[in-house]
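Hi,

Here is the structure I promised to pass on.

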Amino acid sequence: YKYWVGTAMPGWNDTLLGRGDSSYSRDRANGDFYRSTFGGAAASAPDMLIITSFNEWKEGSQLEPAVEYGNFYLQLTAELSAAYKSGSIAVPPAPPPPPTVDPNATPTTAPPTFTPGPSPTPTETPLPTETPTPTLTPSPTLTPTPIASPTAQPDGRILYTIQPGDTLITLADQFGVALSDLYAFNNFDQTTLLSIGQQIIIGYSVLPDGSTLLPGFPNARVKPDGTIVHVVQPGDTMLGIAAAYDMTLEELAAVSELAADAILQLGQEVVVGHRPVPEEVGGSSTSAVEVTETAVPATATMAPSPTATMTVISTAVPVQPTAVPVALSEIGGEDGGDTAVTAPADPAPQPANTDIVTLAVGIALGVLGLMTLAGAALLYLSKR
């Protein structure tokens, strides 16, 4: 596909750059040349319109504020852009280029001759009279034409009416929509032509059944219960849908409860997955416990069973720590139903004698290993 790009420019003058015969100048004509090129480019129905304006001021094509023009060309650019987007831009005729004078041309007229006339008669010079100061009329402020905006429909579709100069590429960039999504929303392809006044879908809000779009999958819907469905489009098959959602055909058949060779109907909703939906957990609204998204079945609070207390007799034999059962205790207000798990008691520290025995055993094993390696080395050397 080839794109037609129209071009507008405010003016040009590079005669001071020493380019010789290749230099060129085009007078701005107080903005008329800019209006003419902008309108002519818009009239050619381009896919996009660009403005030739380099930041090298020495070439005389700048739009930035200047001492010579002030903000005039910035304001004129805003006015012309708004008129182009709304389709109301005019195409004025181009101003005539200024006449060029050839310095090498030979004059064809003779120089004027002096003819004496009658001597002037002195007349009385009138005294100057006071001239009233003219009142300056402020120039009108340029008001941009409003740009058409999308409109949400009751069925969830967001529609946009095509304006002159609109293309799918510019609309995708303007509204932040992927070009492939615009194709899918409207059943378009790369050969589709737009017409002025045509309404197209540029997106969806929440649909009437409460479902929403799945980002990146224009034909997928997420139901309120978390079920993800694919809305069958022309040409869809079970194999194609499985590939679109990175699934095997067997996985799609299992989750959709359809046969792998099922014949699909246009608009049919095929289940392609599920999104977990957090369940609400009841309890006191004043409880200090934060409820997580995963629902936990309610269980009865069990009172801790009494633990027999062991009397420790001072002996040289270390005493093993007694395991303390995990206890559940109620927290919150009087009407609270939340429970919290208390941490188990820290085990009693091991006596120091145990650490010494462990260290001695480790050292002995290390020495034994070194001796074994040394014996093996000596046996090897003796055989050599």
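Below is what I found, going from the whole protein down to single residues.

First, the ground rules. This is a predicted model, where local features need pLDDT of at least 70 and side-chain atom pairs count only at pLDDT 80 or more, while totals for chains, interfaces and linings use all residues. Residues are numbered from 1 along each chain as its sequence is written, and side-chain values use heavy atoms, with hydrogens and water left out.

The protein has 7 helices and 13 strands; these are DSSP runs numbered from the N terminus, with helices being H or I of at least four residues and strands E of at least two. Of its 384 residues, 23% are buried, where buried means under 20% relative accessible area, exposed over 50%, and partly exposed in between (1.4 Å probe, protein chains only). The accessible surface is about 27,900 Å², and carbon and sulfur atoms hold 60% of that (Shrake-Rupley method, 1.4 Å probe; for residues, only the protein chains shown count as cover). Among contacts (heavy atoms within 4.5 Å) with a separation of 6 or more, 58% link residues 24 or more positions apart.

The expected span here is 1.5 Å times one less than the number of residues. Its buried residues are F33, Y34, S36, T37, F38, G39, A41 and A42, and their cover includes strand 1 (5-8), strand 3 (25-26), strand 4 and helix 2. After helix 1 comes A45, with a positive phi near 55°.

Helix 2 covers residues 72-86 and reaches 21 Å from its first C-alpha to its last, close to the 21 Å expected. Just past the end of helix 2, G87 has a positive phi of about 80°.

There is also an open sheet of 3 strands, antiparallel, in the order 5-6-7. Strand 5 (151-152) and strand 7 (199-204) are at the edges with a single partner strand each, so one side of each has no neighbour in the sheet. Strands pair if DSSP finds at least two bridges between them; strand 5 and strand 6 (157-161) are joined by 2, and T151 has L159 as its bridge partner. In the loop between strand 6 and helix 3 (168-175) sits T167, which counts as buried because its relative accessibility is 13%.

Finally, the largest nonpolar core has 14 residues, and I241, Y245, M247, L252, L264, V270 and V272 touch the most other members. Strand 9 (217-222), helix 5 (238-244) and strand 11 (269-274) each supply at least two residues, with helix 5 giving the most, 3. (Such a core is a set of buried Ala, Val, Leu, Ile, Met, Phe, Trp, Tyr and Cys residues joined through side-chain atoms within 4.5 Å.) V270, in strand 11, is buried at 1% relative accessible area. Not counting residues up to four places away in sequence, V270 touches I228, V229, H230, V232, I241, L252, S256, L258 and L264.

Cheers
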